[in-house]
Amino acid sequence: MKKKIIKSIKVLFVFILLLILIFGVAILWPLPNFKTPKKYPSTLIKSINIIDVKSGKVRSNRTILIKDNIIISIDTLKYQIQKTDLVIEGKGKYIIPGLWDMHTHSNQQSEWLHHPLYIANGITGVRDMSGQLNKKDSYWVGSEERLQWNEDINNNLRVAPKYILQSSYQMDGSFSVPDNYPKYFKLQKNEDVDSVLNFYKNKNVDFIKVYQQISPRAYKRLATQAPKHGLHLAGHKPVFVSLEESIKLGQRSFEHGRVFMYEAFPKADSLRVSKDWKQFFQKSKKSMVKDFNFEKATEFMHLMKEYDVYWTPTLQTLKFEALAHKDSFLSNPKLKYVSWARKNLWWRFDVNHNKKQNTSSVNKGLSASFYEASKKQVDMANKIGVPIMAGTDVTDSYTFAGFSIHDELEELTKSGFSNLEALRSATIIPAQFANMENKYGTIENGKIADLVILDKNPLKKITNSKSINSVILNGTYYSSSTLQELKDFTQSIASSFHMNVKVMYSFISSPLIRVQFAD
């Protein structure tokens, strides 16, 4: 009997060692890189129809000459083919500025799981809303990685969108900072704020990402001091600070569709001083929809317009919450581009939670009502003149890198936007927000030639934005066959054992992820 027990222990020990070895090898196993296509010093696009996102007009049968990634000329003249390194036949096709996704979350696996899909879907620029503290994280990336990616793109060493504006880690109060990090990240004193701003300025960050639970004192100090460091605030509306005050303090963009829901219901003031704001919010959701004060919301929207404050509603996140109980929504063919680890260690919990909410007798239909109400508010804000930016919140549940920006554009049109207004939300308006409209956002002489060629006119039907024929980014030409190869590349990587082990390991070993999940 004793020998059997010893033998069983030995077998178990060997099995555990074998598992450790297998997982260790998987973590260290190198991943393949997608070979970047050729970069052309000069390109001629012949006889193409240009979508003018300023006027909404189609400039038919134009020839575009590009040199060193700059649009040199747009006219109806025929250039000699031998003068350019690449000639693209554009007859019957349409061309738009490269799309920007203004709310993403990139991580250490993004170069395999996200970047190829961004390019394959015509996204040439993203604003990442994540960051790191003072240590490299196993999951999140920071400004140093993103700026290196940008440099690699310039040298045609990497397939990726350009990272527009650099974010700090989310500032969400002391609980969001793990142990063994500098205490000043907790923002408990005024001098902590100054230390944080100095730190991120030295990291070439452009804005401080603010989150829901930041204290009013820390938030106000950040808002007043950040401009002195050349930084601005962007992110969530802090729960404990009024929207009016946040606008007047200079927060440049607000994220997600709940912004006005928090502020335009009868107990908005009570929410801001509640001891358990999450519980208070859950109990107030019905009132936020039923008793929504349109007059009050309109005042806030006019204030946002006056202060030139932008809104990124990320309707995809509310759509997920509203439809998480429907099999037709959950059985999305794009799931093949998402790792098993993410689907089962992250998304599944979100699905189960929201499915339970949506099917309970108390909350049935509430998330759907919230979603529809937010869409109406987006339309209200747009009509008033609040600049709306398209964003998806990749890597949130059921948001798909690249693909979801087209769903977001469609959602905006369902909210009341014209097709042109939807296109503007992912082109010229983000460029204006980033103070880069002299280089990006439209197709004009002197602008950077990050472009998307479509088979169909998106002004006639916004879903035609998906009819991507090819993409030009930084002088590199991605043909239709290359775009399909990018999708196939990510699909293959996402299903691989070693990538899923890497994703699991990055989740488990990241102290930043652990504190977020604990909350």
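A salt bridge is a side-chain nitrogen of Lys or Arg within 4 Å of a carboxyl oxygen of Asp or Glu. The model is predicted: local features need pLDDT of at least 70, side-chain atom pairs count only at pLDDT 80 or more, and totals for chains, interfaces and linings use all residues. Residues are numbered from 1 along each chain as its sequence is written, and side-chain values use heavy atoms, with hydrogens and water left out.

**Exercise 1.** Find what the salt bridge between Arg127 and Glu255 ties together, and state whether each residue is buried or exposed.

Solution.
1. The two side chains, Arg127 and Glu255, meet at 2.9 Å, N to O.
2. Arg127 belongs to strand β7 (residues 123–128) and Glu255 to strand β11 (residues 253–255), so the pair ties together parts 128 residues apart in sequence. Strands here are DSSP runs (E, at least two residues), as helices are (H or I, at least four), numbered from the N terminus.
3. Buried means under 20% relative accessible area, exposed over 50%, and partly exposed in between (1.4 Å probe, protein chains only).
4. Arg127 is buried at 0%, and Glu255 is buried at 3%.

**Exercise 2.** Carry out the analysis for Glu89 and Lys46.

Solution.
1. Their side chains form a salt bridge of 3.8 Å, N to O.
2. Glu89 is in strand β4 (residues 86–89) and Lys46 in strand β1 (residues 42–51), so parts 43 residues apart in sequence are tied together.
3. Glu89, at 43% relative accessibility, is partly exposed; Lys46, at 26%, is partly exposed.

**Exercise 3.** State how many salt bridges the whole structure holds.

Solution. A search of the whole structure finds 23.
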